[in-house]
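Colleague: I am new to this structure. Take me through the terms and what backs them up.

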Amino acid sequence: MKIVIDWGLCQGHANCTGDAPDVFAVDENGKLTVLIAEPPEEMRGQVELAVRYCPTGAIRIEG
Amino acid sequence: METQTSVASTGTNRVGSAASKSYRAVPVVSGALPVLGHSIEFASNLLGLVHRGYLECGEVAGLRVFGRNIVLLSGTDAQEALFRAPDEVLSPNEAYKIMTPVFGKDVVYDASPERMSEQLGMLRPALQDKRMRTYGEIVAEETRRGVASWGERGEIDLVEFCATLTNFTSTHCLLGREFREQMSTEFAQVYYDLERGVTPAAYIHPNLPLPSMRKRDKARVRLVEMIEEIVGQRLRSGRRGEDFLQTLMDAEYKTGEKLTPHEITGMLLAAMFAGHHTSSVTTAWTLIELARTPDYLDRVLAELHRVYKPGDDVTFQSLRQIPLTEYAIKESLRLHPPLYILLRSALVDFEYRDYLLPKGTWLATSPWVSHRIPGIFPEPERFDPDRFAPGREEDKKQFSFIAFGGGRHKCLGNAFAMLQVKTIFAILLRGFEFEILHDPIVPESGLVMGPKKPFRVRYRRLLPNGQF
C-alpha cells in the first residue's frame, strides 16, 4: 500500500492526523508530511479512514 | 503582485503561441433575447436555465447575462479545469463583491490574493482535528437544548427549527460561549439586518441610499462593538475559548501584526455566512428526504441504535461508525446543494479543450446541474444514498460530487458541516419520530436553496430527555 497526495488539493485540515497519527503529520502552517509513505498492511483501516474523511479528497491509496 | 504579472504574461503567451490553433465557438443556450440575452430567465429561473443549458450544449454552454458572457462548465473534466485553475487565472473575488460591505473592506475576498490566503490560513487551527471534537460536543449540547422543551407530540416549522438550531451552534462555535449565552438575542437581530443587506443591488454599487443598506452598515458597526466587548472581557479575565474568536485573537500576520476588530468581525461573519444557512437547509432536506424514504430511514435508525445506547454521548469517534447516516446527508447535498451556482471571473484568456474563453468572461459551474448528470449519478432524481456505499461509490471520480466546491477554494468548513449534521441526526432521530405534512415540496432559492417556509412537521417523542 502506497500513499499518494494530490498537493494541489491539500489545505492542511489535519483530519488525517486524527485518523492515522503515525502516518500523517501537519505543522502549524498547515504543511502536511507523510511520515510513512508505504505503511504496513495492518494500518490499512486507519489510512482508509483518513482517505475517506479528508475534506479535500487529497489522499489516495495505491495498491 | 509578482505572481500575477508572470501568470498574466503566460496567459498572453498561451494565446500568442496558439495563434495557429482554431478555436470552436461556444454554443449559446436557446432563448436569448435581443439586448437582454438570458438576463430575465437568469433572474427568475436560474436552475431551469442552467439545466437546459447543459442538456442542449453539454459541458460548455454560453449565456449572455446583463451584458456579460457567462460560460457554464459541467461534468467532471470541465469542473476540474475550473477548480484547479489558480486565482490569478480564474478568480472568485469578483463574484463575492456583493459581500464586501458585510465582511468588510480588505477582508477575505476584498483583500489581495496573498492577504486573503493569509487570512484564511488563520482560520485553519480553528478547523483542525482537535477543535472539531469540541465543536461536536457543542452541537450535541445545542441540539439537546433545542428539543428539551418538546412534548410527547407536536408540530414544528422545520425550516425555522433548523435555522434557529444552526444559528446557536454557529454562534457558539464561532463566537464562543459568552456570546451565545449573553448576546444571542441581540446577535439574531444584528445578523438578520446584515443578511437583509445582501442584495443584488450591491452589484450596481455597494453603498446606495437604501434602508436595507443603512441597516446593514449600522448592524456591522454594532457587531464590531459586541465582539470588542467579548475580546476585552477575555483579555481582562485571561479566560480562553475553544472557538474561532480565540483563534483569530491569537492569530498574527507574517509581519507580526494582529488582526483588528474590524478584520476579526469580518472573518467571523464570513464563516457565519458560509456555514449557517448551508447547514440549516442541509439538515432540513435530509430530514425531509429520510421521511419520504422509510425503507432507508429504517436502516439509518437500526445503525444509530446499534452504535448508541440510551444515554450515550455522541462522540467524534462514534460519528465515524454511522456510514448510512452519512450517505443520507451526502445524498441530500447531491440533490439539494445549498450553493447551486459557483462563479469565477477569467482574469486572463482561459483555454478549455477547443474553446478559448477570453479575459473578462465569467465561468460558472452548477452543483445542482452537475449532480444530475446521469452518466455520473444514474437515475439522478432518485434519493438513493446507497450510491455512495462501497461497490458503487458514484462520487469516486474527483470533482463529481461538488456540493462543497473543489480545488483550492473548496469549502473550508466541509468536515465541520458533516460533523454538525451527523451529530444533529444521531440525536434527533433517536429521540423523535417525524412526519412531514407538506407535499409537494417547494424549494426556495435565496442565498441558499432550502425548502419553502413554513414547512410543518409533526413529531412524536420516542425517548425522554437525557436518553438520546
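Modeller: Start with chain B, which has 17 helices and 12 strands. Helices (H or I, at least four residues) and strands (E, at least two) are DSSP runs, numbered from the N terminus. This is a predicted model, where local features need pLDDT of at least 70, side-chain atom pairs count only at pLDDT 80 or more, and totals for chains, interfaces and linings use all residues. Residues are numbered from 1 along each chain as its sequence is written, while chains are lettered from A and ligands numbered from 1 in the order in which they are written.

Colleague: Why is chain B called as compact as a globular protein of its length?

Modeller: The radius of gyration, taken over C-alpha atoms, is set against the globule rule: 2.2 Å times the number of residues to the power 0.38. Chain B has a value of 23 Å, and the rule gives 23 Å for 468 residues, so chain B is as compact as a globular protein of that length. Its C-alpha trace spans about 75 × 55 × 40 Å along the principal axes.

Colleague: What makes a residue of chain B count as buried, and what percentage do?

Modeller: Buried means 20 or more other C-beta atoms within 10 Å of its own; 12 or fewer is exposed, in between is partly exposed, and C-beta atoms are placed from the backbone. In chain B, 40% of the 468 residues count as buried.

Colleague: What makes a nonpolar core?

Modeller: It is a set of buried Ala, Val, Leu, Ile, Met, Phe, Trp, Tyr and Cys residues joined through C-beta atoms within 7 Å. The largest one has 123 residues, and B:L72, B:F244, B:M267 and B:L268 touch the most other members. Helix α13 (residues 261–292) of chain B gives the largest share, 14 residues.

Colleague: Which residues is B:L72 in contact with, beyond four places in sequence?

Modeller: Contact means C-beta atoms, placed from the backbone, within 7 Å. By that test B:L72 is in contact with B:V50, B:G53, B:Y54, B:A61, B:L63, B:A364 and B:S366.

Colleague: How do you know that β4(B) and β12(B) pair?

Modeller: Pairing needs at least two DSSP bridges between the strands. Strand β4 (residues 153–157) and strand β12 (residues 456–461) of chain B have 5 and run antiparallel, so by the definition they pair. B:I156 stands opposite B:V457. Strand β9 (residues 432–436) of chain B also pairs with β12(B), antiparallel over 5 bridges. There B:I436 has B:V457 as its bridge partner.

Colleague: How many residues of chain B are in contact with chain A?

Modeller: 13 residues of chain B are in contact with 15 of chain A. On the chain B side, α6(B) gives the most, with 3 residues.

Key. Contact = placed C-beta atoms within 7 Å.
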